[in-house]
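Reader: Please take one part of this model and go through it closely. Keep it brisk.

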Amino acid sequence: MGPTFSVNNWPALAALAGRYASEQAGFLATSMSAQWPRIAASHLARTEARFKDWQRWQQRVAQLSGGPSWFDLVSAYSRDAAERTILTLDTLRERGNNDVAHEAAGTPPVLIYDYEVVSDGADMREPVNYFLLHIKPPAGVRVNDWKRPYVIIDPRAGHGAGIGGFKPDSQVGVALKDGHPVYFVAFHPHPMPGQTLAHVARAEAQFIREVSRRHPRAPKPIIVGNCQGGWAAMLVAATNPDITGPLVINGAPLAYWSGRIGENPMRYNGGLLGGVVPSLVISDLGNGEFDGAHLVSNFELLNPSRTLFGKYVDLFADPEGGRERFLEFERWWGGFHFMNEAEIRWVVEELFVGNKLARGEALLEHGKRVDLKLIRSPIIVFASFGDNITPPQQALNWILDTYSSEDEIKLRGQRILYMVHDKVGHLGIFVSSSIAKREHTEVASTLKTIEALAPGLYEMKIDDEVGQGVDTHFVVSFHERKLDDIRALDSGREEESAFAAVSRLSEIAAEIYDLSLRPVVQAAVTEESAAAFRALNPARVQRAVFSDRNPAAVPLAHLAERVKADRHSIDPGDPLRDAEKLWFAGIEQAIDFARDMRDAAWELMFFSLYASPMMRFVGRVNDYQRRRRGVDELRLLPSVQAQLRNIERGGFAEGVIRMLIVLANARGNVRRSRLERSANVLTHREPFKSLGAERRADLINEQTVIVEFELDQAIEALPKLLKGADERTRAIAVVDYIVGAVEEMEPHTLAAIQRFRSVLELPPLAVPEQQLSDRSEPEAGAAA
């Protein structure tokens, strides 16, 4: 919590106000120094490039001779442009008709795969609009029931479901290709009356239990959460830690105030658009339902040159070739869905404005606090620097807010892996074929062995590509990280205090609206007025106006057929087509410039309003962090004390896992080949195989705690775990197999193994004379 203010201590209060004013000035200066030079440099470079393009075009035109006259060129271009206009408008007409048909069909998921409904949330004791689908594998794809199932939770952020599986190269496609059963959590457009996110979380938990019931021989399901589906998956795992397998969280915001000054303008919307009140008003005008079209419009305004102009330019440039691709994506983009007022209010107040989830203060319902520390499943987080909706800071800073140190992650037996892409955009994380073939494929492969990884925080890197075509595979490594490595991705978090004022004012404004205007608004709304409010949303109007519901659009179909029957296209390299491209590129840059200036002004306005000393006073009660436990304090936890009492107890399994943990703690990274050997031993060889996944996880956690707090004693106690010479020889042989050839060992790895052998009264490991003694980066290995 922020500092306590007292009117009886004016000098201290004045000093604090001066510090806050200085910090505000620093935020504003940082914003201007980050924004203005970048805007100027970027658009100056683009302008120079446009100018050179026009110069080259002029030179090319000047060299034209002996060909068609300008009259012929202009005539041919005009006809081609007119035909492309008709074909483009007809595609927009078809989009509008698709929207009408899609809505009439109940807005089903836009999956390209056949599926069957396994469980319907409408039939549950607390009815919800969610349902569980089983994806049927396409012809030629074999699925094994004993393999770990995938459960994919798509985002409910204004759009419908299906983005994770509307291409062959997608999350669904990757899992099916690897032989995994795949299930998909989808939802109907309208929520059930009285539905809350607590009901949804319980329904999703029931879906996961049903998947486990259908695959009794398989490990616990992998849960994949995309964007808003990511925090939904974390809610389920935190409130039901016993039912989920590894979690894959793609582009999901979990630390909502985070971001870099000068780069992430979307996080300021809560403060500059009025906090939670606009959502409440929209819900009231919708007769209790929040229209997701408003969220879609917000996304479009993030990059208007693309969403409002560029995609139509691409269609106009090649209406025949781009038609199917355009309609495929627009079918999902325009499938608007709804939330109840209680749902959108929880999302805004607890998450995006309140930022309570990672700080351990989010209440799913009365009496049910959500604590991400309770998650026991391994977590893989995929983020990208090119994501302007969920930047890496929002995807990863929850780790800083949840855990006091990387030691706490280890002591709680948790494995958190993260991977940060350089440039892919938000939607590309879920829909890009190249991302599916590379990142999602490697994540899927890693999930087979992740539970053999020692507890801790790791960065996953795809280091190299080997082979070509269908034989392509990637070299993957895992690098142990500290919380400071997460902090290094950010430029500092001091400005987040300004968001606490937004949270406080949002709470106050919601109470004022609830007690004053709300009864009047609700009394004035009817179902008919709510339907009109939805229909007149600009996001819907821009689509419906081109559909056959508009009589003026009906002739487009006949005109398009005539054009297709007698098409007069010109060469894409025609000089007038080139001029068209340059003209459109100039318009796109103008829109980008307006967007950049808007974002810069937006950020300056936010910090001018909410970083002032007065606002810091207003927000002080919401400016808090969860309590941090030091390592010494963690040692006093009853669970840790119970584990430390087992330092001299156990047998072969405990001894081998303890040695592997010691080796893991001595290294900084791990190659997947070593991790795969470790996983093979722990899951297919006795006595580890018969332990079962949960007992193995408990054993790894226990030995991690013992090694973390009592390293020397843990090593010296190995003879009490491995009592006979034969058992000791077998144990060290298992360790040698996992670690690999002695020639690949780093000095600290070799030293640890020699110490094990000495303590266990075994002969030392033979080391070649030419053994390398040092490497540039510490080698690491799999540890249990």
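Author: K368 counts as partly exposed because its relative accessibility is 30% (buried is under 20% relative accessible area, exposed over 50%, partly exposed in between, with a 1.4 Å probe and protein chains only). K368 sits in strand β10, residues 368-369 (helices, H or I, of at least four residues and strands, E, of at least two are DSSP runs, numbered from the N terminus).

This is a predicted model, where local features need pLDDT of at least 70, side-chain atom pairs count only at pLDDT 80 or more, and totals for chains, interfaces and linings use all residues. Residues are numbered from 1 along each chain as its sequence is written, and side-chain values use heavy atoms, leaving out hydrogens and water.

What is K368 in contact with, leaving aside its neighbours within four places in sequence? The partners are T239, A362 and L363 (contact means heavy atoms within 4.5 Å). A198 is 170 residues from K368 along the chain, and their C-alpha atoms are separated by 9.2 Å.

Now the backbone. Most residues other than glycine have a negative phi, and most peptide bonds are trans. N355 is not a glycine, yet its phi is positive, near 50°. N355 is in the loop between α11 (341-352) and β9 (363-365). N355 counts as buried because its relative accessibility is 2%.

N287 also has a positive phi, about 60°, and is not a glycine. Its loop runs between α7 (277-285) and β7 (289-291). At 40% relative accessibility, N287 counts as partly exposed.

Last, a peptide bond. E686 and P687 are joined by a cis peptide bond, with omega about 5°. P687 lies in the loop between α27 (672-684) and α28 (693-709).
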